[in-house]
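Colleague: Thanks for sitting down with me over this one. Could you walk me through what you see?

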Amino acid sequence: MSKGLALVLVAVGVVSAQAPPPPAAAKAVSVRMADSVMARHADPLTIDAVRPKWEYTQGLVLKAIFAVGEKTGDSRYFDYARRYYDEMIGADGAIRT
């Protein structure tokens, strides 16, 4: 083994030995994404919109957030999605447009 290669291997070993280990309970990407949407849009009616609307984007995002709630058992995600549907769907089933 050449001196240069040995030095590189030693340097890599020192750097990797000093790097902190990843957190044991790192959040899943799906949870981080759902949390990000909920932080940017405290009101689910404003997802991808200035004023409330019934469109594909909102449905897709909220379906994903609902799925995160099912997977994690955290009711915050379900409650967030439900707020949108409670506002957009009337008691008679009519969709607000």
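Modeller: Happy to! A word on terms to begin with: buried means under 20% relative accessible area, exposed means over 50%, and partly exposed is in between (1.4 Å probe, protein chains only). This is a predicted model, where local features need pLDDT of at least 70 and side-chain atom pairs count only at pLDDT 80 or more, while totals for chains, interfaces and linings use all residues. Residues are numbered from 1 along each chain as its sequence is written, and side-chain values use heavy atoms, with hydrogens and water left out.

Colleague: Is D74 buried, exposed or partly exposed?

Modeller: The relative accessible area of D74 is 26%. That value lies between the cut-offs of 20% and 50%, so D74 is partly exposed.

Colleague: Which residue does D74 meet in a salt bridge?

Modeller: Side chains of opposite charge can pair when their charged atoms come close. A salt bridge here is a side-chain nitrogen of Lys or Arg within 4 Å of a carboxyl oxygen of Asp or Glu. For D74 the N to O distance is 3.0 Å, and the partner is R76.

Colleague: How many residues apart are D35 and R76, which also pair up?

Modeller: Their side chains meet in a salt bridge at 3.4 Å, N to O. D35 is buried at 19% relative accessibility, whereas R76 is partly exposed at 42%.

Colleague: What separates D86 and R82 along helix α4?

Modeller: D86 and R82 form a salt bridge, with their closest N and O atoms 3.5 Å apart. Both are partly exposed, D86 at 48% and R82 at 46%. They are four residues apart in α4, so the separation is about one helical turn.

Colleague: Are helices α3 and α4 roughly parallel or antiparallel?

Modeller: The axes of α3 (residues 56-72) and α4 (residues 75-88) come within 7 Å and cross at roughly 150°. Axes are lines fitted to C-alpha atoms, for helices over the stretch in contact, with angles from 0 to 180 degrees between N-to-C directions. Angles under 35 degrees count as roughly parallel, over 145 as roughly antiparallel, 65 to 115 as roughly perpendicular and the rest as oblique. The pair is therefore roughly antiparallel.

Terms used:
Helix = DSSP H or I, 4+ residues; strand = E, 2+ residues; numbered from the N terminus.
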